[in-house]
Amino acid sequence: MQTVDRSIKRLEAMGAIRVDRRVHPDNPKLPIPSVYELLPYKPQPPLVQKPVIPGPRKRLPISATKRARILDRDGHRCRKCGVAEDLTIDHVLHWSRGGSNADDNLRVLCRSCNSRRHDGDLEGIDS
Ligand SMILES: [Zn+2]
């Protein structure tokens, strides 16, 4: 009986039911049935959070001013072979590996050197 009372109290606290605990008009100790009213009840969403599935990081564009700054810093030349044409801004630590757009993770490479750079470090300029 106590378990039922506890459950009823919990349902009341949740706002799922309303209980009219009636008292006998002549003798308050004489038990008479309570009236239970079901209330429109919206179940609460479960507290379990959806697992976050890590997807590919959205690539942030390198701004024109940053690009110009990196080009100036590196003397408008490929850091690998020194050519001054077809220059690209390269991520030292690849974006896909968590590298950032911070200046010290960016460098100038020509398109040719950049494309020859597989997924590792370029000989001669890293370390
Ligand atoms: Zn080059």
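In this predicted model, helix H2 has a buried side made up of Lys-66, Ile-70 and Leu-71. These residues span an arc of only 135° around the axis, which puts them on the same side of H2. The face of H2 turned away from that buried side carries Ala-64, Thr-65 and Asp-72, which are exposed. As for packing partners, the buried residues of H2 lie against E3 and strand E4 (106-110).

The largest nonpolar core consists of 10 residues, namely Ile-70, Leu-71, Cys-78, Leu-87, Ile-89, Leu-106, Val-108, Leu-109, Cys-110 and Cys-113. At least two residues of this core come from each of H2, E3 and E4, and E4 gives the most, with four residues. With neighbours within four places in sequence left aside, Ile-89 is in contact with Ile-62, Arg-67, Ile-70, Leu-71, Leu-106, Arg-107, Val-108 and Asn-114. Among these contacts are Ile-70 and Leu-71, both of which belong to the buried set of H2.

The zinc ion is coordinated by the SG atoms of Cys-78, Cys-81, Cys-110 and Cys-113, at 2.3 to 2.4 Å. The angles subtended by the four donor atoms run from 104 to 116°, which makes the arrangement around the zinc ion tetrahedral. For readers who wish to set up the site themselves, the spacing of the donors along the chain is C-x2-C-x28-C-x2-C. Distant parts of the chain are linked here: Cys-78 sits in the loop between helix H2 (64-73) and strand E3 (87-91), while Cys-113 belongs to helix H3 (residues 111-116), 35 residues apart.

The loops deserve a look of their own. His-76 is placed in the loop between H2 and E3, and its phi is near 55°, a positive value in a residue other than glycine. With a relative accessibility of 38%, His-76 counts as partly exposed. Asp-86 is likewise found in the loop between H2 and E3, and for Asp-86 too phi is positive, near 55°, in a residue other than glycine. Its relative accessible area of 48% makes Asp-86 partly exposed.

Asn-105 belongs to the loop between E3 and E4. At a relative accessible area of 9%, Asn-105 is buried. Not counting residues up to four places away in sequence, Asn-105 touches Asp-90, His-91, Val-92, Leu-93, Gly-99 and Ser-100.

Finally, the overall layout can be described. The domain assignment divides the chain into domain 1 (2-38) and domain 2 (64-117). The C-alpha centres of domain 1 and domain 2 are 74 Å apart.

Terms used:
Residues are numbered from 1 along each chain as its sequence is written. This is a predicted model: local features need pLDDT of at least 70, side-chain atom pairs count only at pLDDT 80 or more; totals for chains, interfaces and linings use all residues. Side-chain values use heavy atoms; hydrogens and water are left out. Donors are N, O and S atoms within 2.8 Å of the metal (3.2 Å for Na, K and Ca); water is not among the atoms, so sites may look incomplete. Four donors count as tetrahedral if all angles lie between 85 and 135 degrees; four count as square planar and six as octahedral if opposite donors are over 155 degrees apart and all others between 65 and 115; anything else is irregular. Domain bounds come from an automatic or database domain assignment. Buried means under 20% relative accessible area, exposed over 50%, partly exposed in between (1.4 Å probe, protein chains only). The arc is that of the directions from the helix axis to the C-beta atoms. Contact means heavy atoms within 4.5 Å. A nonpolar core is a set of buried Ala, Val, Leu, Ile, Met, Phe, Trp, Tyr and Cys residues joined through side-chain atoms within 4.5 Å.
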